Structures are given as C-alpha cells and as structure tokens.
Amino acid sequence: MFKEQHFVKSVYSLNQLPQHRLPEIVLCGRSNVGKSSFINSLFNRKDLAKTSSTPGKTRSINYYLIDNLFYIVDLPGYGYAKISIEERKKWGTVINEFFTKSGHIFLAFHLIDCRHNPTELDIQMNQLLKQKNIPYIFVLNKVDKIKQSERKKYFNQFKEFFPEAILDQNTIFYSAISKVGKKEITSLLYQSFYKKSN
Ligand SMILES: Nc1nc2c(ncn2[C@@H]2O[C@H](COP(=O)(O)OP(=O)(O)O)[C@@H](O)[C@H]2O)c(=O)[nH]1
Ligand SMILES: [Mg+2]
C-alpha cells in the first residue's frame, strides 16, 4: 500500500523545518533502539533510513515523506553514554522546542526494547509527550529476541512502569526482522491517511 517514500532533509535547528507542512508521525527512543530499522521494515526499504551499529550517531531530526501524505520524523536518540553533557542539554532543548513548535504532530511512536525495563530517560520522554499533549503509542520492539510465550510476562513488567499501557491499543510488539506488528502499524497509518471519506 505504501508507494513512494523519500528522505526529505535533516534538520539541525528549528528554523529549518520543511516548508510543506503535513501531519507528522514522530519516532522517539533511545539511540540504537531500532528507529531506523523500524522505518526500513515498515516501508520494505533496505536503507531509506541509515542504520548503524555505532550508537549515538544521529544528531539531526530526519524527515521522510510518505506518499505525499505525511512525514515520518526520526528524532535523535537519547541515552548514549559517550556524548558530552553539553550535547545532552542541546538534545533536550531541540526536542522540547520541536514538540512545542512543530504544530503538526499527529502521533508519536515511542520505541522501547521489549526485553529491557524502560530507562529513566524513557520515562522522561514519555512525560514530555504527555506534557505536550502528543498522542503516543509504545512500540515494544526487537520482539524476535523473545519467545512468543514470554510476551505476556514482558508486557506485564512494562505495564508496571506505564499503567496506561494496553496491549494492541496503545502498545504494540514489533520486530523489524520477523515483521511482528507491521500489519497493525500499517493499518493504523492506512486508516489515518489513506482512507478518504466522501
Ligand atoms: N533483533 C532485532 N534487532 C533489531 C531490530 N531493530 C533494530 N535492530 C538492531 O538494532 C541496532 C540498532 O538499530 P537502528 O535501527 O540503527 O537503531 P536507531 O539508532 O534507533 O536508529 C542494529 O544493529 C539493528 O540491526 C529488531 O526488530 N530485531
Ligand atoms: Mg537511526
């Protein structure tokens, strides 16, 4: 169903946001959680978004245009140990300003590795989404790394941190490798942007 996707631009400061305003699907999560892989797997593209085994590389906000209907916005990841305090502060400022100024955010996907407890920074990220009134969906990814029979256990652990989490509503297991969750996310995007009511 997705036909055309292309990388639009990397934004380093908020006066560089694209002129052409469209609804934005924002991806947030730790660096190395799998945001680039999420994009590539969702759109069946090998390297629409660059993946990296060296974490902490993406410092820019990357815009991808999907079928001229909406943007996927890949936010810089957080939690990478080897960056300076200065850079960390700058990250916070940029993300905060982005959420305040974009005005076009439709939904955020907050990616969290399903095997690990959310970190303090994940919790802060979620607080920021709530504070800015941004609708969000938790994407518990890398689910190919756990057995299907273990999903419930991991979900229950996750729910202790975010009691509002409801499986298959605001929380979706995902794998860029086995494609678990891809159908659900595709269908959500389809309902939101492709289905024209007349
Ligand atoms: N097993 C598994 N590995 C993944 C998955 N998604 C990403 N990865 C791996 O996690 C690492 C970081 O992925 P990347 O997409 O670059 O993360 P980003 O920094 O959030 O953009 C890479 O080595 C990916 O191959 C997944 O669903 N399953
Ligand atoms: Mg990336």
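Predicted model: local features only at pLDDT ≥ 70, side-chain atom pairs only at ≥ 80, totals over all residues.
A polar backbone atom of N32 is 2.8 Å from an oxygen atom of ligand 1, and a backbone N or O atom of G34 lies 2.9 Å from an oxygen atom of the ligand. At S36 the atom concerned belongs to the side chain, where a polar atom lies 2.9 Å from an oxygen atom of ligand 1. Taken on its own, ligand 1 has 580 Å² of accessible area, of which the protein covers 80%.

## The second largest pocket

The second largest pocket has a volume of about 260 Å³, and among the 16 residues that line this pocket, Y78, W91, G92, L121 and Q124 are the closest to its centre. Divided by class, the lining holds 8 nonpolar, 5 polar and 3 charged residues.

Two helices, α2 (85-101) and α3 (120-131), each supply at least two residues of the lining of the second largest pocket. Of the contributions to this lining, the largest share is that of α2, with 6 residues.

## The cavity

When the whole structure is searched for cavities of 30 Å³ or more, 1 is found, and the volume of the largest cavity is about 40 Å³. The residues that line the largest cavity are C114, R115, H116, N117, Y154, Q157 and F158; by class, this lining divides into 3 nonpolar, 3 polar and 1 charged.

C28 has its place in strand β2, which spans residues 24-29. The relative accessible area of C28 is 2%, and because buried means under 20%, C28 is counted as buried. Although C28 and H110 are 82 residues apart along the chain, their C-alpha atoms are separated by 4.9 Å.

Q5 belongs to strand β1, which covers residues 5-11. With a relative accessibility of 8%, Q5 also falls under the 20% limit and therefore counts as buried. The side chain of Q5 is joined to the side chain of R45 by a polar contact of 3.0 Å.

## Two loop residues with positive phi

N68 is not a glycine, and yet its phi is positive, at about 55 degrees. This residue, N68, sits in the loop between strands β3 (61-66) and β4 (70-74). Its relative accessible area is 51%, and since exposed means over 50%, N68 is classed as exposed.

K142 is likewise a residue other than glycine with a positive phi, in this case near 60 degrees. The loop in which K142 is found runs between strand β6 (136-141) and helix α4 (151-161). K142 has a relative accessible area of 24%, a value between the 20% and 50% limits, and is therefore described as partly exposed.

Notes: Residues numbered from 1 in each chain as written. Chains lettered and ligands numbered in written order. Heavy atoms only, no water. Polar contact = N/O pair within 3.5 Å; in protein donor to acceptor, adjacent residues only side chain to side chain. Areas by Shrake-Rupley, 256 points an atom, 1.4 Å probe, with all protein chains shown as cover. 1 Å grid on protein atoms, 1.4 Å probe; cavity = no way out; pocket = protein on both sides within 12 Å on 5 of 7 lines; lining within 4 Å. Points joined across faces, edges and corners; volume = space filled by probe spheres on them. Nonpolar A, V, L, I, M, F, W, Y, C, P; charged D, E, K, R; others polar. Helix = DSSP H or I, 4+ residues; strand = E, 2+ residues; numbered from the N terminus. Buried < 20%, exposed > 50% of the residue type's maximum accessible area, 1.4 Å probe, protein only.
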